[in-house]
Amino acid sequence: MSVETRQYGDLSTQLVLESRRSTATDTLLKYNDSLVRSIIREQRDLERAAAPLLLQAAAAAEDDEDNAQPPPPALMILQTAILRNKRCLLAYHHHRTARLRDMYWTVGGALPHLLSDADTRSRLSPHEADYLRQYHDSVMEYRADLGTSELDIMAGIEKPVNDLNVLVKVKKECGVIETELGTIDFRKGQRFMVRRADIEHLIVQGYLEELG
Amino acid sequence: MDSRDRLIIKVFLKFSNSLGPEALSKVNEILGEIEASDDDVESIVERLATEYNKQDDAQMKVSVDVLERVYESLQEQGDTSDPDEKEVIDPSSHLYVIDAFEMPCWHWSIERGTFEKVSTPLTVSGSAESRVSAVRDRLDIIRQCVLRNEHFAPSTLPSRDRQRLVTLKSTKQLLGRAGERFLLLGMLTHSKEGKLCLEDGDGSVELDFSKLDEPGEGLFTEGCFALVEGEYTEEGTLEIIAIGQPPCETRQTARSIYGHIDFLGQGSTSILEDSKLAVRVQEDLADLHLFFLSDVWLDQASTFVGLRKMFDHCIENDFFPTMIVMCGNFTSRSISHGSSLDIQRYQDNFDSLADLISEYPRFSRYVHFVFVPGPLDITVNSILPRRSLLSSFTARLKSKLTHAHFPSNPCRIKFFHQEIVIFREDLMSRMLRNIVGVKPEVKSDDLKKYLVQTILDQAHLNPLTANIYPTLSDFDHALRLYPLPTALILADKYDRYKVTYTGCHVFNPGSFLGNSYTFSAFKPAEVNSEECFLDLDAQEDT
């Protein structure tokens with residue numbers, strides 16, 4: 001972060017750029033705590049700078065009420081900067097939460113799978129991890145209303161399933177797994193013809209690979 | 001496969017979990033244990049699966065260990081399903097004594113700007129890299145705190161007084177800029193010529209104290225990190241205008257950034273859980289106490305009288321602590337070079353302590369006892385962190401007490417969301433012996449305050465260079481105080497004190513034997529300690 005700068009709101013531009021980069025490269029970047037903190041500090045500084053101007057304007061308005069003066073231009077600039085910073089902060093966080101939700105749905109709602117990945121975990125701020133947990137709880141609550149058997153809301157909607165059974169190849173060893181139709185021992189490299197509903201989540205989490 | 005198995009699988013499938021045969025039989029076992037009827041099975045399994053997925057180490061494939069843990073915690077909660085009865089929490093299940101040698105090592109990574117776990121096995125001898133990185137970590141952790149601090153962060157507003165505001169620089173930037181003012185953060189050391197230098201990650205600069213009126217608050221020792229402001233001169237020295245301790249950060253701030261990092265190796269808790277636990281501790285465990293005793297000299301007969309008195313007193317008033325921490329030295333004089341007779345006597349003293357405590361079944365069965373070795377006690381190593389007491393001395397204590405812990409020095413206690421660090425060392429005298437600067441005319445009260453402030457600001461229990469007081473470099477992180485603990489016990493032979501600084505409660509229980517029997521009682525609900533005295537003159541009664 002360069003210190004030699006700059007005008008109001010440069011920092012928030014950096015923040016928004018980061019969101020852009022995240023979208024462009026399709027990765028979740030590390031939560032930029034220090035930048036967010038400095039923007040919040042800038043907000044406070046801006047507000048401190050605006051406070052005397054506000055008082056001045058109020059005093060001027062009181063002095064002669066007949067021909068009301070417009071607020072001083074400096075105040076307008078400060079306010080614009082404040083609002084813009086706020087918008088950028090909101091945009092950054094909205095973008096991140098949206099990304100987190102996307103990640104959540106791509107792994108089929110398997111939150112432990114997502115959080116146990118050290119690489120992903122290190123990029124989350126603690127608050128984001130809490131957010132994911134609460135989101136997961138809400139989804140689970142909603143899902144409980146639908147009952148156990150009727151509908152799997154976690155299933156993908158992009159590729160509708162046209163077959164009950166599926167041919168899979170084991171990519172990551174996951175040992176003996178009990179399914180409704182019996183026990184299967186998944187060993188790396190083996191192929192199985194199994195009922196889709198039983199192992200859907202294993203495909204999503206990358207243990208199995210769908211063939212053909 | 002019967003319908004019940006099928007249902008279990010189905011419910012777990014809903015949570016994207018798969019069961020192995022062991023896990024399936026475990027769930028069946030649990031269902032059998034609580035004699036669930038077929039109608040209830042679904043809701044019970046669902047509850048189980050929900051709780052399972054809340055665990056941090058929950059795998060896709062349900063692990064039996066985690067499942068067992070979940071079931072146990074559910075049982076605890078289940079006992080209090082009666083709405084009239086207030087939820088009872090067993091403090092013991094949230095009480096962990098953590099040995100310094102079991103803590104994971106987190107190393108600060110400048111590139112990634114966060115902590116990274118060191119995966120190589122930690123050894124007592126340490127490696128060349130770990131010796132360097134141990135000291136660098138101390139500096140980097142303080143630096144990242146300083147950079148976040150509002151007083152030192154570069155101004156965010158472009159304005160005229162930006163020139164006046166001095167930002168943190170490195171010694172690398174000094175070269176060829178004589179006559180300019182700089183703010184540096186570095187370690188105070190002596191150079192080869194014996195002059196005082198400031199050393200940071202890039203280099204070092206000689207300090208010139210001639211213009212300085214008086215240093216900032218705190219004890220400046222050789223090896224501590226200080227913020228120094230001064231003018232760089234043609235001679236290559238820095239003429240100091242001001243010197244101060246780095247600012248420190250509250251536990252909440254540090255947790256809000258590094259909350260997901262498991263510094264203690266006991267599973268990380270989220271901030272949300274922490275705040276829930278904090279409320280519970282305050283409401284339900286308001287009268288819970290931990291006792292801290294220091295310098296329990298077992299070779300003095302009066303110590304046993306005092307302990308007996310303390311136990312009697314507790315029973316009389318029907319007031320029992322959850323934990324009693326006894327810090328060394330467990331002998332009033334050094335026996336490290338003593339004869340075999342001395343060592344035999346040392347062991348006998350521990351045995352008689354065990355006998356004494358076992359006379360009070362209420363204590364020996366339910367109260368947790370923690371024995372922290374002091375500088376004079378016999379342990380495997382004498383460098384910090386010190387290993388626990390030798391097991392041959394403590395065999396009888398172990399057999400007589402239900403909950404006896406023998407951790408290292410320093411050790412940590414994790415109690416719900418709180419972290420309590422216990423350190424037995426004659427820290428005040430050691431710091432004063434190696435001091436290079438302090439405000440003139442300090443009084444004893446100031447010294448105590450300065451000591452606490454220095455230790456917390458340095459975020460380290462041993463802010464001295466390796467040649468004065470070395471540490472095991474691979475375990476240097478165990479002495480680190482970042483994030484700040486909730487409470488820090490600096491057991492010292494020096495006078496007793498208690499100070500709260502940036503939200504961290506620091507106290508010294510003082511020697512147990514003195515004009516009266518003294519110890520401290522720590523109240524987690526209020527994060528405060530009380531000094532307790534038992535009169536000596538009542539000896540005749542007992």
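Predicted model: local features only at pLDDT ≥ 70, side-chain atom pairs only at ≥ 80, totals over all residues.

Let me start with Asp355(B), which at 26% relative accessibility counts as partly exposed, a class that lies between buried, under 20% relative accessible area, and exposed, over 50%, with a 1.4 Å probe and protein chains only. Asp355(B) forms a salt bridge with Lys400(B), their closest N and O atoms being 3.3 Å apart, where a salt bridge is a side-chain nitrogen of Lys or Arg within 4 Å of a carboxyl oxygen of Asp or Glu. Since Asp355(B) lies in helix H9 of chain B and Lys400(B) in helix H11 (residues 391-400), the pair ties together parts that are 45 residues apart in sequence; helices here are DSSP runs (H or I, at least four residues), numbered from the N terminus.

Residues are numbered from 1 along each chain as its sequence is written, chains are lettered from A and ligands numbered from 1 in the order in which they are written, and side-chain values use heavy atoms, leaving out hydrogens and water.

Turning to chain A, Arg99(A) forms a salt bridge with Asp26(A), at 2.7 Å between the closest N and O atoms. Arg99(A) is buried, at 16% relative accessible area, whereas Asp26(A) is exposed, at 55%.

Over all chains, the count comes to 34 salt bridges.

Methods:
Helix = DSSP H or I, 4+ residues; strand = E, 2+ residues; numbered from the N terminus.
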